[in-house]
Amino acid sequence: MDALLVVNAGSSSLKFQVFGIVAAGLARQVRGQIGGIGTRPRLQAKGAEGTVLVDQSYAAEAVRDLPAAIAAAREWLLTLDGLELRAIGHRVVHGGPDYAQPVLIDATVLDRLASYQDLAPLHQPNNLAPIRLAMEINPDVPQVACFDTAFHRGHAEHTDCYALPRTFYDQGIRRYGFHGLSYEYIAERLREIAPGAAGGKVIVAHLGSGASMCALSDGRSIESTMGFTALDGLPMGTRPGQLDPGVVLYLISEKGMSADAVSDLLYHDAGLKGLSGISNDMRELLASDDPRAAFAIAHFVHRCMLNAGMLAAALGGLDAFVFTAGVGENSAPIRARIAEGLAWLGAELDPTANDAGGPLISTATSRVALHVIPTDEELMIARHTLALISTHHA
C-alpha cells in the first residue's frame, strides 16, 4: 500500500502517524509516539483498529535526544510490511512572512525555515531536525512542510500589524497566529457536526500545554490571540501569554537579566508552572489542594474569558464556542468555568453533557452553542501532503 508518514516533533516527544493512500483518500494505519525523551523514553504505537503494535521502553541514555528518538522510530517503522512510503509531511510551527501554504521542501526552503528559529525556539529547531535527517537518508522521498501560521495569513493587514513604523511590518514583524492546523481541522469538522454554526461566528479554544483562541467567520480565521511568537495571548503550561513589553525591558535594565535568561524564563518557567510553583500540567493542578494551584487555574480561566470577549468583539457576536486540544477536550471543570464566563454572551452549559465530554455541551435554550471537538492536526498534514504531491506529480 502506498503510504504517507506524518511527523510532529517536539522537545520531549516525537509523534508520528502513517496514512495509507486509498481510493477514498486517506486511511490511518498507525498512530505512535516516543515520549519521555532523555528521561524515560517509551515508544508506543497502535494500529488502525486500536491494537497495540509496540510498547517499548528504553534506557534514558539510549534515547537521550530528538535525533536518537527519530532513529528509534525509524528503526521500528522499517519493520512494517506492505507499506511503500511516498512522502513525509511535517508540522512546522513558523512559516514566517514567506509561506502561507504548505510547501515541498528543498535545501533552499529548509534554510529559510531555519532562519525563523528565533521566532519559535521551543518548536522550530525540533520541527526541522527530522526533515534534515530524512533528506540525508531518503533524499528521493518528497517532504512537505505544513505551517501552524498559514491558516491565519488571510487577516487584514491592519489587524496583523503592530503600532510600529511600517518598515518593521515589511521586515516580517507582525502578528502571525499559531495552532493553525488545529483550527483548520476544527473549521472543517464543524461543518460536518454543526453546519449552521460553522457558517457563522465561532470562537475555537485550543487549550493544551500551548494555548490560544481563534475567531472564525464562515470557517475563516479573522483574529487570533497569538502574535509574532508563540508567547502571546493566553497563559500556557510554561509560557506567560500576553505580557507588557515593558516587563522585558525592566528585567534586562533593572534586574540585570540577559536576553537569554529572559528568553529561558518566558519559554520554560512562566505560565502555569511559574504561577503555581508546582507544575505546568493542568491535571496536576486540578488535583492539588495547594492554594497556588487554584491561583494559577483562576488566572488561566480569567485570561480565557477576557480573550473570548475580545474575539467576540472582532466577530461582532458569537454563535458557537468550541473546546479542543488536551485541556479543552478532557477537562470538564475547566470547560465549566470558562463557559460560566461566557454567560453574558448567551452561553448556557449543560453540566451532564459537559461531564460526558460532549460533543454538544450547551443546553437546548443556549444562544451560543458549546462544542467539544477533538482536534487532528496530523490528518490535516496528511491531507495537505497528499494534495501537494499529487499536484506535483501531475
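What is the volume of the second largest pocket?

## The second largest pocket

The volume of this pocket is about 680 Å³. Among the 20 residues of its lining, Phe228, Thr229, Leu231, Pro245 and Val248 are the closest to its centre. Here a pocket is an open set of points on a 1 Å grid over the protein atoms alone, where a 1.4 Å probe fits and protein lies on both sides within 12 Å along at least five of seven lines; lining residues have an atom within 4 Å of a point. The volume is the space filled by probe spheres set on the points, which are joined across faces, edges and corners.

Helix H8 (245-253) and helix H9 (259-268) each give at least two residues to this lining, and H9 provides the largest share, four residues. By residue class, the lining holds 12 nonpolar, five polar and three charged residues. Ala, Val, Leu, Ile, Met, Phe, Trp, Tyr, Cys and Pro count as nonpolar, Asp, Glu, Lys and Arg as charged, and the others, Gly among them, as polar.

## Basis of the description

The model is predicted: local features need pLDDT of at least 70, side-chain atom pairs count only at pLDDT 80 or more, and totals for chains, interfaces and linings use all residues. Residues are numbered from 1 along each chain as its sequence is written, and side-chain values use heavy atoms, with hydrogens and water left out.

## Aspartate 148

UniProt, in an unreviewed entry, places the feature "active site" at Asp148; such annotations may be inferred rather than shown by experiment. Aspartate 148 lies in the loop between strand E8 (143-147) and helix H4 (157-160). Helices (at least four residues) and strands (at least two) are DSSP runs, numbered from the N terminus.

With a relative accessible area of 1%, aspartate 148 is buried. Buried means under 20% relative accessible area, exposed over 50%, and partly exposed in between, using a 1.4 Å probe and protein chains only. The side chains of aspartate 148 and arginine 91 are joined by a polar contact of 2.6 Å, a polar contact being a pair of N or O atoms within 3.5 Å, one able to donate a hydrogen and the other to accept it.

Asparagine 127 belongs to helix H3 (residues 124-137) and is buried, at 2% relative accessibility. Beyond four places in sequence, the residues that asparagine 127 touches (heavy atoms within 4.5 Å) include Arg91 and Val92.

Lysine 201 is located in strand E9 (residues 201-207) and is partly exposed, at 30% relative accessibility.
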